Every structure is written in structure tokens, then in C-alpha cells.
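Hello,

Here is the structure I promised to pass on. Please open it first, then read the notes below it.

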Amino acid sequence: MRKSTTQAPALLAAILLGASAASGPAFAGKADDTLNAAFSAEVTTLDPYKESGREGLVMARLIYDALLYKDMKTGEFRPELAESYKVVDDKTIDFKLRQNVKFHNGQPMTADDVVYTLNLVSSKEYNARYQIAVEWIDRAEKLGEFDVRLHMKKPNPLALEMLAGNLPIYPKAYYESVGSQGMSVKPVGAGPYKLVELTPGTRYVLERFEDYYAGSPKGAAKIKRMVTRVLPEANTQYAELVNGQLDWIWRVPPDDARNLARQAKVAVSNAQIMRFAYISINPNYQDGKSPLADVRVRQAINMAVDKPGIVKALIGGASQAIASACNPIQFGCETDVKAYPFDTAKAKALLAEAGHPDGIKLDLVFTSLPRIQAEAIANNLGKAGIQVTLNEQQYAPGISAWREGRAPLLLTNWGSYGVGDVGLSVGQFFSGTGDDLAKDKDVIPLLQSANASMDRAKRKDDYSKALKLIADKAYWVPLWTYNVITAHSKDLDVTQNADEFVEFYRANWK
Amino acid sequence: MLRFILRRSGSALILMVVVSFVAFMLIFAAGDPAVKLAGEAGSSADAARIRALYGFDKPIPVQFFHWIAAAVRGNFGHSLYFDQPVASILFDRLGVTLLLGLTSFIFALVLAFPLGIAAARWQNTWIDRTALVIAVVGQAMPTFWFALLLVILFSVTFPILPTSGSETWQHFVMPSIVLGYFAAPAIMRLTRSGMITALETDYIRTARAMGIAPRNVLLKYALRNALIPVVSVSAAQLGYMLAGSVVVESVFAINGAGRLAWESILRSDLPTVQALVLCFSLVYVILTFLADILNAWLDPRMRLADARTD
């Protein structure tokens, strides 16, 4: 269950926390209005289009603002740097920009900055890390000093999702003079915090931007300073949280969270996120000659796994078992699909019916998932006569084995880029691309149409049909949603969003 | 002596090329670098784009040749992950790691020499046994465990030392102790056995018979001979410490070359890994080289043996 880099035994955390009875000095951030946070992973760059890690993207949302903002409570899109926006047609959106926005270097934001940024990051030469965020942009056009028109290559139902937070706006003059490398260490944005000090890969000091524009849906930052440090070892984080040098850490494994919750100054909170676990079944394994080609075998696999039992015993928190190939909080996630309740006897019967009364043997490749969860699944499957050999892999070789058809079963997780739309979950895996091994002739057209339509009702309908088919044919074993555990100072009031972003500008002292 | 140096440099160079080729191959063996660079949210299309962009689709020997041809000209390329020149990334990180290596090494010597000498001088007494226990514990205890114990003691229970970072000298105290203690046992035990052997030799008996003060016999006559194997081992231990720094740098959040190496391997950042492998093997080569010269100085027979084979 642990994600600690050195795999230190859980016992150690217990000793560590036991030893903390004699408490440390008052380093706590409340006194000097400084929020001390730690990440395990390094922030690669603050030129966020080049960043692939979650931590860097979290930081970027503090420093940069985008045209739109997504309210995670209501799911609605609100104008951020834009004052208003209008969807002109399937391939065109017009933006009226706010006239009171300043970048951290004091320069006012105009249409030039927006046009420059959108054209820059969508260019081939720029080489954005996640093309999905930018590849749909044809070009941005200046209509006036504060008016911008965005042209799309093809209708993109996720355009607003991408424009909300995922497409930060850069100051044209500054970026032109410093380039990507300059931006990566001395970022200048229009967000609620500005970066004042940075030791690459180690320490980032942010300060509230006092000239932040009125009317932003983010609101001005409440806490004056924020110091973020990179502490790769989880136990070091616990030590500092307990003695007050840290106010906030996240991605705490459940067993450590229980220990931390017993500390006098520490509060632990838990939030459901977009990420979910699943087993992907390759029906075309060994050119369709393996037992997996038979839908009854795939259904048997579905029935053999005791999802609620595993969630209860090993995951807990806000996680829940799922039946459909998406996260229920995503738009378009049809949950009324054929369900396969846990039933070992029925799974066995289905296997026998498919001509395997003595059971079957398969490899199960898994990656980016705690081993104990994989073992629990393997144990469940074994009881139904599906003997799996667990093959734990690093992410890259695991996913390559899957894409190249060398793995019959892949157990892993998917975060949907934190976006609440099934276009980025089921839409990614069954639309006939290199990530789709089922290549189902009925599913592909439904998803292709839904992925390219701006009509929400039609999309919902198409996704629903596709998800029902996927469940009927049992191409996946959808497992459970994830949750993130945050441990923070009791003085701090901060919430964790389902998109795996943390809105530190809303955080405040109690 | 010049021939000795030239021959050593030649074999060192070949060694470094071989090491860097093996490292290059291992990166590919550990999974498709394009998939790793695309990140855990990257689609198969992202991976394909990166594969073509960085030429990962070419045969590995061809890629290696391209890399080494540029490296020879002093161009280590751009980090695929940081999108910055490798040289500038390395420059900052290596300094911290070398400093940590040095302070740890000093700690190791300060711990190992007196204990090793004392254990030999008072062989089979409680002093010897205490030294043995210290050595065994140092060898057996995993570094991350010892590091966390120190954190509990000096940062949580008695908060006198900082847990993370490398800004002040205080930041180096715990990491140096952890890393130095890991390297000390081998040096300590070798000092002890070297001293015991030396103390039993005829010339020491003669020196004693001549009435030379026991302290001088011990530190001047015996130690010099006992040191010869210790020097070679110390050089190797310093190399091990660079390897051990991966764990210690993680626990104490020191942004050094060890951590960079480990993370770059996970990220398949080929140019960075290659440059680091080259730097580390260079450090090894220089260390063993220095050890050889130091030994030659300590023991004239080595110089003479080398001259005779010429």
C-alpha cells in the first residue's frame, strides 16, 4: 500500500509517530502566515505545457490563470481571464477579455498575449507534453485589443475543459525574451500567487500577488506566503508534519494516515478523485485463439473479483467499486450497465460452459498499483479457477506489453488527466487507437462520433450506448475509484478537489 | 612513472566507454523510453510522437554512436525531461554530492582509523569487541533505516538538526554520519588486521627492542605499512558512498547527483543518465588512480615493480 521511495516498513512510521510525544518548536506556518507544503515528486518545469507531473501542474495553477475556470462543485465553466465567452459555432469560440488583468511583472494582459500563447503552445515546434490539450487548436485570432477568436481544427467537445485551467496564458513579451528555459525557473503569470524564489527541484517560494485582478473566480490568495519543498521520502514528510515544519502533505497511504490522525496537531482528510483502477482484457490475445476471445470467460473474470470486499479491506476512504468503464463523477459515465456481482460459483459455471471445466491459466501484468491489491485480485480469480501469474512491471514496460498485445490482462489505473468527462476515459481506450485492443466495430463509431460532437445530449447518448456494449462484452473489469488522503496542520483549512488539483489560494488558517 | 600513468589512463578510457555503452543498453532494457517520457497519462500517440522526435526507433548502437560522437566534442545534449542542457543540470547536482561524499568520507576516516588502531593495539579486549560491534552494526543496518532513526532523534524528539535540504552545514551533519558510518566498517576492519600483521613483524620487534616509544612504533612504523591495503579499500568505499548517496539524498531531500541519477533512470532521461554514468565512472577512475599513486608513495616496492616490467 505504500508509495514511500525506500519501501520502509510501516512499523517505522509507527515508531516515528510514537517518538513524537515530545513535540517540536513552533515552526507552524500560522504564526508567520506561511503555508509549508511538501511534494514527493519533483516539479520539472514551471513552463507547464512541458510538465508531465501532477505536482508541477498543481503549482502552475497557482502561478498562472487561464481563460476559463471550472467550478468543481457545480461542474460549470466560468470566465477567468476572459470576461465572457461565446461558442459561435462547432469550431469557433469568441472571448472578451478582462481589461484589469496584470501579469506578475506589472504588464497588463491584452489580446496579444492570449493569441500568442495559444498559437505558440499548439505549434508543432513547441512540442507540448500532452498533445491532447492543444492539438485541437487551429489558431487564435485577434479581433480587438481585448477580443480573441479561437478556431478549432475539428469540433472538440472537450474544448472548454481544456480552456479551463489546462491552457494557462503567458505574457508575450516576457516569454519571447526568456523562452521556455527562462519560464521554467522564473515564471511570470497572472495567477493569485507569484514565484519569488526557487531552488530547482528542491524549494519554491510563492507570495500572494497583490495586484491580482478583481472578479477572478479563484479569488485573491488568502495566505500570504507558500513554501513548497520536494521531500522524496514519505517518512521525512511525516517527521516534519508532526514537528510542525510542514503544514500540508498528500498521497498518504491509508495505514500511515491512521497513525498520523492520532497526532495532536494533524488532521487527515480524504477525497474521491477522478482516477480509477481497472483490468483490461485483450480479447484478441494470441490472435483470438486464447480463452479470452470467449465473452463468457471475460464475464467469468468479472464475476470472480470481489470488488466491494477489496475496497473495504485494502483501500477504504471515499473509494467505491465501479461497474462501468469510467468514473461515475465524469460527464457521460453511464452507470446503468450490465453488472457482474461477485459470485465465484457462477464464474466457475460460466467457465465450464465455455469449455474450461478445469479452469484456465493466464498472466496478469500489473503496474502503478500496490502489490497487495493485485494479490487480492489474483486470489479471487484463483478461487474461480482462473489461475493468474502476477507479473509486476514498471509503468513503461507494462504499458508497452499491453499495447503490443503481449499481455492477456493488464491491471492498472487511469486518471483521465483529472478531467470530468468520459471523453478522456472510455473515449481514450475504445476508439480504435493504439490504446484500444478490443477494436470493437460497434463501439468505435459510437465513440468517434461522441468524441467529435459538441452536442452534449447526443454525446451522452453515444457514450451510454458504448459503455453498455463494453459492459455486455466484458472487455474490462472496472474496479474502483481512488481517493487521495491529505494530512495537514489542524490550523489549516484546505480542500482537495476531485481533479487532483489543490486550490491553495482558497486555503486559510482556522 | 609517466608510463604507469599513461597505461592507467588508457585502460580507464576503455573502461568508461564500455560502462557507458552498458548503461545505454540497460535503459532500453528497462522499458521503452518513449513511453516513460510520455508519462503515465500519455497515450500511444504521445509515445509514438516522442519516439520519432528523439530517434528512439533507430538501432541502439546507432543511437549510442550519435551520443558518444557528440559527447567527445563536449556536448552532452539536452535532458529529455527537463528540456535543458545536461551540463548545466549536472553542474549544480554534482557539487552537492561530492561535498556530501567528502564530509562522509572524513567522518568515516575519523571513526574508522582510531577504532581500527585501538582494536589492534588492545586486541581481544573490550575495546576490540566494542569496535567489532560498531563495525557489524554499521555494515548490517540499512542506510535509510539509520537515517530515519537519526531523524526521529535529532529532528523530532530533540529538534536540533534540520531534516531536509542542503543549505547550511547543519544540513550535512546527519547525511554525513549516515553515509560515513556505512563506509567505515570496511576501513576499520582492514586497519585493524593490517595493524595486527604489522605489529607482529620483525622490524616492529626490532623497533621496540631499540627502545622507541610505543606510540611512535604504533603510529609511525606500523601504521604506514598497515595503511597500504586501506588506501585501496578507501577509494572503493568513496565510490560506494556515491552509490549510497541515492538513498541518503532521498531521505534528507538533498538535490544531488545520486537522486538525479535514480530519478533519471526511472524517467528514461537518456542524456542525463549517460552523462551521470560518465561522471561517476570518471570519479571511480580518478579515485583508484589516486589510490595507486598514494600506495606507490607509501610503498616504494610498487614503484620499483612497475619500473621493472617496463
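**Chain B: the overall picture**

Along its sequence, chain B runs α-α-α-α-α-α-α-α-α-α-α-α-α. That comes to 13 helices and zero strands. Helices here are DSSP runs of H or I with at least four residues, strands are runs of E with at least two, and both are numbered from the N terminus.

Before going further, note that this is a predicted model, where local features need pLDDT of at least 70, side-chain atom pairs count only at pLDDT 80 or more, and totals for chains, interfaces and linings use all residues. Residues are numbered from 1 along each chain as its sequence is written, while chains are lettered from A and ligands numbered from 1 in the order in which they are written.

The C-alpha atoms of chain B fill a box of roughly 80 × 60 × 30 Å along the principal axes. Of its 310 residues, 42% count as buried. Buried means that 20 or more other C-beta atoms lie within 10 Å of the residue's own; exposed means 12 or fewer, partly exposed is in between, and C-beta atoms are placed from the backbone. Among contacts in chain B with a separation of 6 or more, 74% join residues 24 or more positions apart. A contact needs C-beta atoms, placed from the backbone, within 7 Å.

**What the UniProt record says about chain B**

The unreviewed entry lists "transmembrane region" at residues 12–31, 98–120, 132–156, 168–188, 226–254 and 274–298 of chain B. UniProt positions follow the numbering used here, feature names are shortened, and annotations may be inferred rather than shown by experiment. Two of these spans can be set against the model. Residues 168–188 of chain B are 90% helix and 0% strand, with end C-alpha atoms 29 Å apart. Residues 274–298 of chain B are 100% helix and 0% strand, with end C-alpha atoms 36 Å apart.

The record also has "domain: ABC transmembrane type-1" (unreviewed entry) at residues 94–295 of chain B. In the model that span is 85% helix and 0% strand, and its end C-alpha atoms lie 27 Å apart.

Chain B splits into domain 1 (2–72) and domain 2 (86–308). Domain bounds come from an automatic or database domain assignment. The C-alpha centres of these two domains of chain B are 31 Å apart. In their contact, 14 residues of domain 1 of chain B meet 13 residues of domain 2 of chain B. On the domain 1 side, helix 1 (2–29) and helix 2 of chain B each give two or more residues. Helix 1 of chain B gives the most, with 10 residues. By class, this side has 11 nonpolar, one polar and two charged residues. Ala, Val, Leu, Ile, Met, Phe, Trp, Tyr, Cys and Pro count as nonpolar, Asp, Glu, Lys and Arg as charged, and the others, Gly among them, as polar.

Now one helix pair. The axes of helix 5 (residues 86–121) and helix 11 of chain B come within 7 Å and cross at roughly 125°. Helix 5 of chain B is therefore oblique to helix 11 of chain B. Axes are lines fitted to C-alpha atoms, for helices over the stretch in contact, and angles run from 0 to 180 degrees between N-to-C directions. Under 35 degrees counts as roughly parallel, over 145 as roughly antiparallel, 65 to 115 as roughly perpendicular, and the rest as oblique. B:L90, B:R93, B:L94 and B:T97 of helix 5 meet B:A257, B:G258 and B:L260 of helix 11.

**Where chain B meets chain A**

Here 37 residues of chain B contact 49 residues of chain A. On the chain B side, helix 2 (33–38), helix 3 (44–54), helix 7 (143–157), helix 10 (214–251) and helix 11 (257–267) each give two or more residues. Helix 7 of chain B has the largest share, seven residues. The chain B side holds 16 nonpolar, 13 polar and eight charged residues.

**Chain A**

Chain A has domain 1 (9–50 + 189–268 + 484–509), domain 2 (68–174) and domain 3 (273–483). The C-alpha centres of domains 2 and 3 of chain A are 35 Å apart. Their contact takes seven residues from domain 2 and eight residues from domain 3 of chain A.

Helix 6 (residues 234–242) of chain A is largely enclosed by the rest of the structure, because nine of its nine residues are buried. After helix 6 of chain A comes A:G244, with a positive phi near 90°.

Best wishes

Definitions and conventions. Two residues are in contact if their C-beta atoms, placed from the backbone, lie within 7 Å.
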